[in-house]
Each structure stands twice: as C-alpha cells, then as structure tokens.
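Please look over the structure below before reading on. The points that follow are meant for a reader who has not seen it before.

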Amino acid sequence: MKLLSAFCLLSFCLITSACSSADEVKRGPHSQARHQGFTAMMPNYTKMVQMTNGNDGYQKAEFAKLVAQFEAEAQQPFTHFEQDEPGMDGKAKAEIWQNSEAFAQQQAAFFASIAALKTAAAHSNQDEIRSAIKQVDKQCMSCHSTYRD
Ligand code: HEC
C-alpha cells in the first residue's frame with residue numbers, strides 16, 4: 001500500500017506539477033509545459049558541463065551529439081511562454097509580457113550562445129568549448145535574474 005500511494009503521488013506530481021516545488025508555485029498549463037521543458041533539458045546540459053569539466057571523458061562525437069540534442073531541447077520551453085490565468089505563471093515574472101521585445105532579445109542571446117557552443121564542439125578545441133559553455137551558463141543566469149522569481 002505504501003508503495004502504491006507513493007506511486008500515485010508521483011503520478012499526481014508529474015501530471016499536475018502541483019508539487020514540483022517546495023514553495024508551492026502556482027502554475028497554469030503554459031507554465032507547467034515550460035517547467036517540464038526546462039526540467040527535461042537538464043540531464044543533457046549537466047552531461048555537457050561534466051564532460052567539459054574533465055570529470056567525464058570528453059569525446060568529440062559524443063559531445064557534438066549532446067550539444068545538438070541540447071539545442072533541440074532548449075527550444076521546447078520557449079514555445080510555451082504565454083500567460084496563464086492571473087497568479088498562475090509559475091516563476092515567470094510579469095516583465096516577460098510587459099516587454100516582450102526585451103525578452104525576445106534575451107532568448108536570442110541564449111540561442112546565439114548555443115550556436116557558438118556548436119561551433120566550438122565542431123572545432124573540438126577544449127579552451128573554446130569551455131569558454132563557450134560558460135557563455136551559455138551566463139545566459140541562463142542572466143535571464144533567470146531578470147525574468148524568473
Ligand atoms: C530567456 C530566459 C531564460 C533562459 C535563457 C533560461 N531560462 Fe531557465 N527559466 C526561465 C524562466 C522564466 C523560468 C520559470 C518558468 C516558469 O516557472 O513558468 C525558468 C525555469 C527553469 C527551470 C525550472 C526550475 C525552476 O527553478 O523554475 C530550470 C531547471 C531552468 N530554468 C534551467 C535553465 C538552464 C540550465 C538554462 C541555461 C542552459 C536556462 N534555464 C535558460 C527563463 C530562462
């Protein structure tokens with residue numbers, strides 16, 4: 001029974017995202033879809049970072065594949081930046097919709113940093129790759145600091 005209820009709770013979380021965060025973030029369907037998209041791109045992102053940190057063996061072909069997968073996955077959450085009902089936007093700040101042009105620029109800078117990472121991966125130059133991945137990371141943080149609660 002215990003196992004069963006844990007399983008039910010887990011499916012409930014997956015379906016509703018109602019317990020995706022300890023601080024009870026309220027999400028409508030758009031926020032839920034973005035949240036899932038951002039969460040889904042994390043495993044490949046982490047693998048790329050580990051590979052370039054020297055914690056995991058770097059291999060040119062494997063790394064290039066990860067970058068390509070990550071590039072595709074990273075598009076996904078940005079197809080769900082629409083407002084939900086008031087108070088249901090998750091951690092997305094109102095600035096996103098108040099100045100959508102600035103937000104679009106922030107997004108473009110993020111995808112430009114991924115394109116540069118792709119080029120670096122093709123060159124297979126460790127220094128270039130490391131600095132490119134730092135730039136991607138900077139873009140994550142820059143957007144979060146402005147647009148995420
Ligand atoms: C252009 C803006 C932007 C960029 C770039 C961006 N994020 Fe986010 N991210 C957001 C916003 C806004 C949310 C909150 C979405 C919501 O709750 O509806 C978010 C949510 C997340 C979440 C879900 C968990 C949480 O704390 O809300 C993760 C994980 C995440 N981002 C990781 C990343 C990583 C890693 C990168 C870079 C590789 C990145 N993001 C790049 C805007 C961005």
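**Notes on the model**

1. Twelve residues form the largest nonpolar core: Met48, Phe63, Val67, Phe70, Ala74, Leu117, Ala120, Ala121, Ile129, Ala132, Ile133 and Val136. A nonpolar core here is a set of buried Ala, Val, Leu, Ile, Met, Phe, Trp, Tyr and Cys residues joined through C-beta atoms within 7 Å. A residue is buried if 20 or more other C-beta atoms lie within 10 Å of its own, exposed if 12 or fewer, and partly exposed in between, with C-beta atoms placed from the backbone. At least two residues of this core come from each of H3, H5 and H6.

2. This is a predicted model, in which local features need pLDDT of at least 70 and side-chain atom pairs count only at pLDDT 80 or more, while totals for chains, interfaces and linings use all residues. Residues are numbered from 1 along each chain as its sequence is written.

3. The protein chain has six helices and zero strands. Helices (H or I, at least four residues) and strands (E, at least two) are DSSP runs, numbered from the N terminus. Of the chain's 149 residues, 17% count as buried.

4. Ala121, a member of the core, is in contact with Phe63, Ala64, Val67 and Ile129, leaving aside its neighbours within four places in sequence. Two residues are in contact if their C-beta atoms, placed from the backbone, lie within 7 Å. Among contacts in the protein chain with a separation of 6 or more, 67% are between residues 24 or more positions apart.

5. H2 has 25 residues and spans 36 Å from its first C-alpha to its last, close to the expected 36 Å; the expected span is 1.5 Å times one less than the number of residues. A kink of about 35° lies at Met42, shortly before Pro43, where the bend is the angle between axes fitted to the seven residues ending at a residue and the seven starting there. Just after H2, Gly54 takes a positive phi of about 85°.

6. The buried residues of H2 are Ser31, Arg34, His35, Phe38, Met48 and Thr52. Their cover includes helix H3 (60-75) and H6.
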